[in-house]
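Subject: Structure handover

Hello,

Here is the structure for your files, with notes on what was found in it below.

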Amino acid sequence: IMPSLVGSEMCIRDRPKTYQHCCMAIITLTTDFGLKDHFVAVLKGSIYTELPDAKIVDISHDIMPFNIQECAYVLSNSYNSFPKGTIHIVGVDSEETPDNKHIVALVNGHYFISANTGVIGLITSEMTPEKVFEINLPDSIANSFPVLNVFIQVACHIARGGTLELVGKPFTELRDLREFSPRITEEGKKIIGSVIYIDNYGNVVTNIRKNLFDAYRKDRPYTLLVRNHKINTIHKAYNDFIDYSLEKSQRKSAGDLLAIFNSSNYIELAIFKSNLTTVGGASTLLGLDYRDTIMVDFE
């Protein structure tokens with residue numbers, strides 16, 4: 001049984017009206033736990049024990065182990081689809097150390113509970129969090145499962161209407177993972193980016209956003225350099241690279257390489273109608289992996 005937050009203000013679950021409000025709370029889970037083991041089930045069971053009517057949504061449990069950039073990409077592109085007030089538990093590299101404090105942040109009306117790994121800093125790269133607190137719970141037990149013993153306590157406290165001021169103290173040292181930002185070189189003639197995510201189709205997502213690309217392009221021709229491949233057009237959708245005015249035998253088709261600005265406005269490399277489990281995807285066919293380099297040259 002998890003220890004509960006103590007004190008008259010903390011035991012808000014005894015107030016019927018507040019509890020009725022908390023029954024509508026949405027709590028999301030994003031972890032690198034996978035689904036083979038018991039960990040995800042334990043998290044959900046513990047939340048339901050505390051809040052029987054809570055709504056739990058799995059964002060992903062297939063984050064590459066300890067991959068903060070991948071976690072941030074998935075979260076930053078999904079959290080805003082949830083209503084404000086949603087509580088997001090981040091279970092990736094969650095063990096506390098002196099350099100990796102447990103924190104809770106209020107960002108754009110959403111609560112994020114995580115270790116200070118840089119994931120919240122990446123999500124908030126273009127906005128300022130309303131509040132950030134270092135978590136310091138009474139009677140918390142330090143062990144190898146802090147998502148269960150710390151994060152869920154905080155999530156349930158917030159869901160009952162509890163304030164962040166009651167779970168810790170203000171925190172101002174969000175980790176900033178600048179190393180993952182694209183670099184601009186040669187006086188704006190080159191953008192050097194990196195692979196930050198590989199999706200279920202084997203599509204390769206870079207950290208080069210459309211707004212950055214447009215800011216430096218200035219209507220100049222460009223070349224996207226990927227291994228030994230050169231791409232001169234970045235499409236808006238996968239089908240855009242097919243010229244349907246041509247006879248079918250002359251059109252590009254399944255297996256061809258293309259680049260698009262994906263739905264999150266990042267440059268993405270794809271093999272048209274790829275299948276990662278059979279013929280392969282852009283990641284396998286191009287030999288690209290997390291943090292590999294992608295370049296854009298402007299003429």
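A contact means heavy atoms within 4.5 Å. Among contacts in the protein chain between residues at least 6 apart in sequence, 69% join residues at least 24 apart.

This is a predicted model, in which local features need pLDDT of at least 70 and side-chain atom pairs count only at pLDDT 80 or more, while totals for chains, interfaces and linings use all residues. Residues are numbered from 1 along each chain as its sequence is written, and side-chain values use heavy atoms, with hydrogens and water left out.

Overall figures

The protein chain has seven helices and 15 strands; these are DSSP runs numbered from the N terminus, helices being H or I with at least four residues and strands E with at least two. Of its 299 residues, 50% are buried (under 20% relative accessible area, with exposed over 50% and partly exposed in between; 1.4 Å probe, protein chains only). The accessible surface comes to about 15,300 Å², and carbon and sulfur atoms account for 49% of that (Shrake-Rupley method, 1.4 Å probe; for residues, only the protein chains shown count as cover).

Strand 3

Strand 3 (residues 87-91) is largely enclosed by the rest of the structure, because five of its five residues are buried. Ile87, Ile89 and Gly91 lie on one side, His88 and Val90 on the other, and both faces are covered. Strand 3 runs parallel to strand 1 (residues 26-31), joined by five bridges, and it also pairs in the parallel sense with strand 5 (residues 110-115) over three bridges. Pairing here requires at least two DSSP bridges between two strands. Ile89 is the bridge partner of Leu29 and stands opposite Ile113 in strand 5.

Cores

A nonpolar core is a set of buried Ala, Val, Leu, Ile, Met, Phe, Trp, Tyr and Cys residues joined through side-chain atoms within 4.5 Å. The largest one has 31 residues, and Ile47, Ile89, Val104, Ile113 and Val154 have the most contacts inside it. Elements that each supply at least two of its residues include strand 1, strand 3 and helix 2 (39-50). Helix 5 gives the most, with 10 residues. Leaving aside residues up to four places away in sequence, Val154 touches Val104, Ile113, Ile135, Leu137 and Val167. A second, separate core of 29 residues includes Cys71, Phe171, Val205 and Tyr266.

Cysteines

Cys71 is buried at 0% relative accessible area, and Cys156 is buried at 1%. With a disulfide taken as a pair of cysteine sulfur atoms within 2.5 Å, the count is zero.

Regards
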